[in-house]
Amino acid sequence: MGAGALGCLYGYFIHKAGYDVVFVARGKQFEALKRGLKVTGLVEDFVRVNAVDKPCDADVTFVTVKSYDTKDVAKSLRNVDCGIVVSLQNGIGNEETLSKYLKRVLGGVTTYASNLIDYGWIEFAGMGTTFVGRMDGKVDEDVLKVVEVLRSSGIKAEAVDDIAKRKWIKTAINSVINPITAILKIRNGAIAEIEELWNLALAVLKEGEKVLKSMGIDVELESVLRDVVTKTANNKSSMLQDIERRKRTEIDYINGAIVRKAEELGLEVPYNRSLLLLVKSLEKFLTYNQS
Ligand code: PAF
């Protein structure tokens, strides 16, 4: 559900493994996928896929739509038998939104990297791992089933009992990489190459760590950030891809989530707040310029 860059990458692997995969997309992406899916980068391939523009029955539904579309998607999935629902989305709050309308919702965190080069064409830009778990931490049959589907499709996957914590950690990493790359229009690797940018990155990261610590998640993320930036050096972050397409970004669910949580906890996060305002201004500026 939401066959964009990441959805198509997962769909591609699961389809290649012989599972019956339906790619749910909209507009130009739906039209392009009807002709097939081209994959370049770490894999070179072209496959015919089953593309539709409405939700359908499934044993497992992977949700990869943008966070601001989650509510509408959740409502539309109520009309079908969507089986186990796995959110592989960036940001905070998606599983909670899905759970308001659907049963059997799982959280997912992925470090795979994929770029949408054009409609119907993705670049597989980085290998990673997929963590899957229930938000309450219980590792049940649904979690194990999803992990089995992923592994048998050649996707690295692990069942975990702390997915909620992992979502916050990934969000703290995204809160650094995504807005900086989107504002400066640079690939992820540049963050570690320019001293001033790395210093800015660490200042943003420290605020995320402070919020996480107050939530009981005591982690030091500098080495994690360096690792993600290095492994995805050639990748355009999802936020940069959105800005380049003049689309709304997920800033409200990433830095916005950190700012809201900080307010709740009585903490100051000025770097996150500034990045939030800058990206929101950028979104408006690009929209105004379009008309
Ligand atoms: O949103 C993204 O682009 C990805 O989560 C990440 C890890 C920053 C890689 O580009």
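Which residues form one aromatic cluster? In this predicted model, the members are Tyr10, Tyr12, Phe13, Tyr112 and Phe124.

**Aromatic pairs**

A pair of aromatic rings is described by the distance of the centres and the angle of the planes. The structure holds 4 aromatic pairs. Two of them are set out here, with the values for each.

| Pair | Centre to centre | Angle between planes | Geometry |
|---|---|---|---|
| Tyr12 and Phe13 | 5.5 Å | 65° | edge-to-face |
| Phe13 and Phe124 | 5.4 Å | 85° | edge-to-face |

Why does the pair of Phe13 and Phe124 count as edge-to-face? The planes of Phe13 and Phe124 stand at 85°, and planes over 60 degrees apart are placed in that class.

The pair of Phe13 and Phe124 also links distant parts of the chain. Phe13 belongs to helix H1 (residues 5-16), while Phe124 belongs to strand S9 (residues 121-126), and the two are 111 residues apart.

Are Phe13 and Phe124 buried or exposed? Both are buried. For Phe13 the relative accessible area is 15%, and because buried means under 20%, Phe13 falls in that class. Tyr12 is buried too, with a relative accessible area of 4%.

**Charges over rings**

Two tryptophans each have a charged side chain over the ring. At Trp121, the charged end of Lys38 sits over the ring, 3.8 Å from its centre. At Trp198, Arg226 lies over the face, at 4.3 Å from the ring centre.

**Around the ligand**

Now to the ligand. Which residues surround the ligand? They are Asn90, Lys170, Asn174, Ile177, Asn178, Asn188, Val228, Asn235, Ser237 and Ser238. Sorted by class, this shell has 7 polar, 2 nonpolar and 1 charged residues. Helix H6 (residues 163-184) gives the most to the shell, with 4 residues.

Several asparagines of the shell come with distances to ligand oxygen atoms. An N or O atom in the side chain of Asn90 is 2.8 Å from an oxygen atom of the ligand. For Asn174, the distance from a side-chain N or O atom to a ligand oxygen atom is 2.9 Å. Asn235 has a polar side-chain atom 2.8 Å from an oxygen atom of the ligand. How much of the ligand's accessible area does the protein cover? On its own the ligand has 280 Å² of accessible area, and the protein covers 90% of that.

Conventions: Residues numbered from 1 in each chain as written. Predicted model: local features only at pLDDT ≥ 70, side-chain atom pairs only at ≥ 80, totals over all residues. Heavy atoms only, no water. Near = heavy atom within 4 Å. Polar contact = N/O pair within 3.5 Å; in protein donor to acceptor, adjacent residues only side chain to side chain. Areas by Shrake-Rupley, 256 points an atom, 1.4 Å probe, with all protein chains shown as cover. Nonpolar A, V, L, I, M, F, W, Y, C, P; charged D, E, K, R; others polar. Phe/Tyr/Trp six-rings, centres within 6.5 Å; stacked < 30°, edge-to-face > 60°. Buried < 20%, exposed > 50% of the residue type's maximum accessible area, 1.4 Å probe, protein only. Lys NZ or Arg CZ within 6 Å of the ring centre and 35° of its normal.
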